[in-house]
Amino acid sequence: MLNSMNAPQREAVKYLDGPLLVLAGAGSGKTRVITQKISYLINEAGYAPKEIAAITFTNKAALEMQERVGKLMQGTNIKGLTIATFHSLGLQMLRAEASLLGYKPQFSILDSSDSFKILADVLATTDKQLLRKTQWQISSWKNAFINPDQAKAQADEELTHAAARVYQIYQQTLKAYQAVDFDDLIKLPVELFEQHEEALNKWQRKLQYLLIDEYQDTNACQYKLVKMLTGLRGQFTAVGDDDQAIYGWRGADVENLRQLTTDFSKLKVIKLEQNYRSTVRILRAANQVISNNPKLFEKKLWSELGTGDLIQVTAAMSEEHEAESVVMKLQAHKFEHRTFYKDYAILYRGNHQARILEQHLRNHKIPYTVSGGQSFFDKAEIKDLISYLRLIANEDDDPAFIRAATTPKKGIGNTTLERLGEYASAHKISLFAAAFEGGFQSEIGNKQLEDLLNFCQYINKLQTRAVRDPANEVLNDLLSSIHYEAFLYDSEEPRAAEVKWANVLDFTGWLSKKGEPSTEYGNEKEGKNLLELTQMVSLMSMLEGRENGEPDAVKLSTLHASKGLEFGHVFLIGAEEGILPHRESIDNDKIEEERRLMYVGITRAQKSLNISWCKKRKRAGEMEMCEPSRFIAEIPKDDLRHFGNPFNKDPEASKDFGKSKMANIRAMLNKQ
Ligand code: ATP
Ligand code: MG
């Protein structure tokens with residue numbers, strides 16, 4: 001097995017004498033070191049699978065790693081091995097120790113729109129900007145492991161002071177709902193381990209070896225968790241690349257890499273220098289671009305994969321034109337090289353850039369999947385169902401109560417809910433509990449009370465069934481009792497209702513299918529009851545979600561969500577000043593992080609890279625002239641070929657965006 005690795009990779013896999021950091025550029029096999037090391041730990045070093053946890057940055061990365069390890073270790077029983085994101089590992093620990101923190105194990109996980117609504121209530125405002133700012137501030141505090149009291153003590157201006165007060169009330173509200181938010185999934189385990197040494201000891205004993213991918217993007221809280229879990233033993237392997245740190249805006253701190261060297265005096269550092277992913281030109285472009293950033297660590301990167309094609313730079317007239325040119329080029333390239341759709345990725349800075357591409361891909365009947373965009377779980381119909389699941393699992397989850405009680409409508413009106421809300425907050429109980437209180441019941445009419453109690457009693461009934469019956473059975477009964485299909489057809493156009501109902505069936509089918517993502521490898525969905533599935537689903541809905549299962553499809557992705565992945569051919573669109581680098585980053589002097597984003601984009605490509613930018617773009621309803629991204633100018637000229645540039649004398653190059661080539665191909669096809 002180790003023969004397929006180069007010498008430093010092999011050294012990294014075999015090194016078990018203490019903490020290890022593998023610091024290396026893109027495509028040098030860092031993730032491969034992790035998968036191989038898992039296999040080495042189990043097969044050679046005598047670790048039990050359940051003693052190992054590999055932590056990845058995204059759900060998708062976890063899935064891919066599970067798959068790779070599964071293949072690598074065919075025939076070996078790896079039940080109990082954890083390959084998960086920080087958040088799902090946090091969930092696993094929190095669920096096991098919930099009672100120590102005053103939570104029940106079926107606590108709810110709120111999504112960002114739920115916490116937004118709670119903040120709107122606390123602040124009694126609808127000012128979206130203020131709410132977003134507050135939400136961001138609270139999240140930053142949590143990621144930095146700062147509690148409300150510390151936040152108050154630190155606040156030096158009125159606005160942060162106000163946010164700190166809101167932070168405290170927000171936390172109390174979450175606790176009352178028996179709910180946690182996304183950031184709590186990391187922060188609460190750290191708190192738990194600080195307060196309960198026996199719990200920490202237990203998890204330290206359980207997880208004997210930690211492996212962490214994409215280490216450069218951990219935040220202070222995640223770093224704390226790693227340090228606590230590995231303890232004095234310090235048995236871990238972290239792999240990372242400071243040039244790919246792109247989550248500074250979410251509190252990730254690349255300084256954590258440097259911090260490792262001071263916190264662990266015995267830290268061994270191994271560097272990898274051979275890139276196994278990209279052609280020489282692509283790698284040279286990436287190296288050259290990133291050389292404009294100050295260096296944290298010195299790294300070299302080289303490739304033996306041949307010079308490769310020139311990197312194409314297309315100046316499009318408009319966004320429409322850019323989308324069309326990408327689609328044309330892609331089809332021509334696919335036809336010429338006999339590739340598959342799945343060999344192509346179209347990457348962009350912001351989610352909104354996907355829409356126009358989707359349109360053009362649909363027009364040309366090209367299959368595609370979008371990742372990093374609106375997740376499947378964000379769809380209203382799926383959130384409706386999830387709200388029922390959450391309420392069944394945790395009746396104190398007020399946001400879920402409100403959604404489920406009102407969708408579809410079941411005679412529970414706003415007045416009833418307002419009364420219920422008032423009573424519940426006055427008595428510091430949940431909405432669900434308030435419904436059964438005599439004090440509240442005497443305040444509303446008989447018919448209203450009957451409808452409300454019918455609903456609550458129905459939820460009670462499902463709670464009993466949830467622990468006993470298979471999840472999909474309970475769910476199917478639920479769907480028919482609430483007449484959800486009819487509700488969709490009543491409230492939507494028939495076409496839209498059809499799509500939504502198909503999504504619902506897709507969701508219930510997916511819940512009952514085996515072998516899908518879980519926090520632990522081999523821990524299949526089938527064995528889980530509805531209550532356990534609910535937390536898993538809530539978590540998935542906040543990570544980047546699942547894609548539809550189209551096996552051969554062009555991948556559309558934000559640059560952020562493309563981290564760690566590789567594609568034969570990459571189209572990087574919208575390479576303009578104001579987009580990449582992003583306008584806000586230019587204004588706030590954050591160019592270096594944008595440059596790292598460009599570096600991540602370039603290094604996703606194995607064989608070919610197409611960069612495009614628009615000369616004009618609509619912004620706030622007005623057409624604006626645009627400038628090409630400064631990062632294009634940082635790529636060596638000899639590795640570039642420009643298209644659509646009036647100053648370019650190359651007659652081949654002036655053929656518009658491969659359109660003529662496409663026309664030739666069409667003509668050929670017609671003749672056949
Ligand atoms: P990134 O920084 O983008 O996450 P990485 O350093 O994690 O990249 P990998 O994804 O592990 O790199 O590897 C890049 C590609 O090179 C993969 O296709 C991997 O299988 C291949 N690869 C890595 N090491 C070797 C090797 N020794 N021999 C052959 N192929 C290799
Ligand atoms: Mg990787």
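In which sense do strand E17 and strand E18 pair, and over how many bridges? In this predicted model, strand E17 (residues 616–619) and strand E18 (residues 622–625) pair in the antiparallel sense. Four bridges join the two strands. Two residues lie between E17 and E18, and the strands form a hairpin. In the turn, Ala620 has a positive phi of about 50 degrees.

The protein chain holds 30 helices and 19 strands. Its C-alpha trace spans about 85 × 60 × 60 Å along the principal axes. Of the 672 residues, 46% count as buried. Contacts between residues 24 or more positions apart make up 78% of those with a separation of 6 or more.

The chain is divided into four parts. Domain 1 covers 7–94 + 186–272, and domain 2 covers 108–177. Domain 3 takes in 302–375 + 551–670. Domain 4 is assigned 377–414 + 427–518 + 526–541. The centres of domain 1 and domain 4, taken over C-alpha atoms, are separated by 37 Å. These two domains touch: six residues from domain 1 and four residues from domain 4 take part in the contact. On the side of domain 1, helix H3 (59–72) and helix H4 (86–97) each give two or more residues. That side of domain 1 has three nonpolar and three polar residues. It has no charged residues.

In an unreviewed entry, UniProt lists residues 3–279 as "domain: UvrD-like helicase ATP-binding". Over residues 3–279 the chain is 52% helix and 12% strand. The end C-alpha atoms of this stretch are 23 Å apart.

Helix H11 spans residues 220–230. This helix is mostly covered, with nine of its eleven residues buried. The buried residues begin with a run: Ala220, Cys221, Gln222, Tyr223, Lys224, Leu225 and Val226 are among them. Leu229 and Thr230 are also buried. Just after H11 comes Gly231, which takes a positive phi of about 50 degrees.

Terms used:
Residues numbered from 1 in each chain as written. Chains lettered and ligands numbered in written order. Predicted model: local features only at pLDDT ≥ 70, side-chain atom pairs only at ≥ 80, totals over all residues. Domains from an automatic or database assignment. Contact = placed C-beta atoms within 7 Å. Nonpolar A, V, L, I, M, F, W, Y, C, P; charged D, E, K, R; others polar. UniProt positions renumbered as here; feature names shortened; annotations may be inferred. Buried ≥ 20, exposed ≤ 12 C-beta atoms within 10 Å, placed from the backbone. Pairing = 2+ DSSP bridges.
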